[in-house]
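Here's a quick tour for anyone opening this structure for the first time. Have a look around, then read on.

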Amino acid sequence: AVERTLSIIKPDAVAKNVIGQIYSRFESNNLKIVASKMKWLSRQEAEAFYAVHRERPFFKDLVDFMVSGPVQIQVLEGENAIMKNRELMGATDPKKAAKGTIRADFAQSIDANAVHGSDSPETAAVEIAFFFPQMDIYAGR
Ligand code: CMP
């Protein structure tokens, strides 16, 4: 089925100047960018976005990292978009990410891991709504 997923290019990858290289991977794998913005998240926004991880031991480091610089946020649309994006990203820990994945090629550590992607249809809906009002998503144009 055609799905939408939320993707974030994290501060490490923005700083490395590889937004375009990551966008090319989406495009060459039939994921269409239907919404996009650069944003420097506030601590409050980062904590709210990652609220499901609030009790995890890595929460503070995660939030510290996500507010360390601007991020590039996009909605990707395409057949099986949620799983396809997760395949392109590779494992959360770049040391475990398969060769040729975004994290294997661009990430340094489990915190500075280049990209985020929604992990299910339910979280995709919540995460897309968090950053983009419906009117800012340009599907099928
Ligand atoms: P992300 O997909 O953005 O979702 C939560 C983030 O927490 C994850 O990527 C990692 O960057 C970060 N993180 C740090 N430590 C861990 C861990 N042990 N397990 C999962 N995520 C972690």
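Predicted model: local features only at pLDDT ≥ 70, side-chain atom pairs only at ≥ 80, totals over all residues.

## Starting at glutamine 74

Leaving aside neighbours within four places in sequence, glutamine 74 is in contact with Thr5, Leu6, Ser7, Ile8, Ile9, Tyr23, Phe26, Ile33, Ala35, Ser36 and Phe132. You'll find glutamine 74 in strand β3.

Is glutamine 74 buried or exposed? Its relative accessible area is 0%, and since anything under 20% counts as buried, glutamine 74 is buried.

In soluble globular proteins, nonpolar side chains tend to be buried together. Here, the largest nonpolar core has 22 residues, and the members touching the most others are Leu6, Ile8, Met66, Ile73, Val75, Phe131 and Phe132. Which elements supply at least two residues each? That would be β1 (2–9), β2 (32–39), α3 (43–49), α4 (59–66), β3 (71–79) and α7 (121–131). Helix α4 gives the most, with five residues.

Zoom in on methionine 66 and you'll see it touching Ile8, Lys10, Pro11, Leu41, Ala46, Tyr50 and Val71, not counting residues up to four places away in sequence. There's also a second, separate core, made of 18 residues, including Ile22, Phe26, Leu76 and Ile102.

## Histidine 116

Now over to His116, which the unreviewed UniProt entry annotates as "active site". Histidine 116 lies in strand β4, which covers residues 115–117. With a relative accessible area of 12%, histidine 116 is buried.

What does histidine 116 touch, not counting residues up to four places away in sequence? The list is Leu6, Ser7, Ile8, Lys10, Phe49, Tyr50, Asn85, Met89, Arg103 and Glu127.

## Around the ligand

Histidine 116 turns up again at the ligand, which is surrounded by Lys10, Tyr50, His53, Phe58, Leu62, Thr92, Arg103, Ile110, Asp111, Asn113 and His116.

Some of these residues place polar side-chain atoms by the ligand's oxygen atoms. For lysine 10, a polar side-chain atom lies 2.7 Å from a ligand oxygen atom. For tyrosine 50, an N or O atom of the side chain is 2.6 Å from an oxygen atom of the ligand. Histidine 116 has a polar side-chain atom 3.0 Å from a ligand oxygen atom. On its own, the ligand has 450 Å² of accessible area, and the protein covers 78% of it.

Key. Residues numbered from 1 in each chain as written. Heavy atoms only, no water. Core = buried A, V, L, I, M, F, W, Y, C linked by side-chain atoms within 4.5 Å. Buried < 20%, exposed > 50% of the residue type's maximum accessible area, 1.4 Å probe, protein only. Helix = DSSP H or I, 4+ residues; strand = E, 2+ residues; numbered from the N terminus. Contact = heavy atoms within 4.5 Å. UniProt positions renumbered as here; feature names shortened; annotations may be inferred. Near = heavy atom within 4 Å. Polar contact = N/O pair within 3.5 Å; in protein donor to acceptor, adjacent residues only side chain to side chain. Areas by Shrake-Rupley, 256 points an atom, 1.4 Å probe, with all protein chains shown as cover.
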